[in-house]
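Please look through the sequence and the 3D structure shown here before reading on.

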Amino acid sequence: MQEGRVTERIEGGNYRDRFAYNPDGTLAAYTFGPGSEQVMNYQWTDGNLTQITQNQQTATIESGTETAGIANIDLLAYIFMELLPEMSRYRLTGLTSRNLPIACSVPGTDNSKRITIAYEFGENRAVSKITINKLYGDQETTATVTLVY
């Protein structure tokens, strides 16, 4: 806790979330659920989250060269909520990726999911607009989010 990292969250007495970290402060594993525990494992390369694995499903994240320009929002977590809601639990704790993600894919046998992300930046180099293109199987949608500071 000295470095602001949550190690456990308890809800309703029996639902527990547990967080394990790498020595550099990045999230290594997230365990959750009552009784039968489920585990999500996180892989990092050069300060960027590159994979999240849960059971037999793996999300692969590609990062660009831009940084978020702000420290109080985890844009990667927002993107996971759009792509695969259960993987958005990443946002709860740990250091964020060094660079902004530009793509994320979750292959599946019958419904692959892929998103690409484009950014616009404001005067202070903080992200001001995010455009997310989602491709789920044969369906493609675009969503734009504007951030106001």
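This is a predicted model: local features need pLDDT of at least 70, side-chain atom pairs count only at pLDDT 80 or more; totals for chains, interfaces and linings use all residues.

Residues are numbered from 1 along each chain as its sequence is written, and side-chain values use heavy atoms, with hydrogens and water left out.

The chain has 1 helix and 10 strands, where helices (H or I, at least four residues) and strands (E, at least two) are DSSP runs numbered from the N terminus. Read from the N terminus on, the elements follow the order β-β-β-β-β-β-α-β-β-β-β. Of the 149 residues in the chain, 36% are buried; buried means under 20% relative accessible area, exposed means over 50%, and partly exposed lies in between, with a 1.4 Å probe and protein chains only. The accessible surface of the chain comes to about 8,500 Å², and 47% of this belongs to carbon and sulfur atoms, the areas being taken from the Shrake-Rupley method with a 1.4 Å probe, where for residues only the protein chains shown count as cover. Among contacts (heavy atoms within 4.5 Å) between residues at least 6 apart in sequence, 37% join residues at least 24 apart.

Side chains of opposite charge can pair when their charged atoms come close. The structure holds 3 salt bridges, a salt bridge being a side-chain nitrogen of Lys or Arg within 4 Å of a carboxyl oxygen of Asp or Glu.

Which residues meet glutamate 8 in salt bridges? One is arginine 16, at 2.9 Å from N to O, and another is arginine 18, at 3.5 Å from N to O. Glutamate 8 lies in strand 1 (residues 8–11) and arginine 18 in strand 2 (residues 15–21), so this pair ties together parts that are 10 residues apart in sequence. Glutamate 8 is partly exposed at 36% relative accessibility, and arginine 16 is partly exposed at 27%, as is arginine 18 at 33%.

A further salt bridge brings together the side chains of glutamate 62 and arginine 114, at 3.3 Å from N to O. This pair links distant parts of the chain, with glutamate 62 in strand 6 (residues 57–63) and arginine 114 in strand 8 (residues 113–121), 52 residues apart. Glutamate 62 is partly exposed, with a relative accessible area of 35%, and arginine 114 is partly exposed at 32%. Salt bridges that share partners, in turn, join Glu8, Arg16 and Arg18 into one network.
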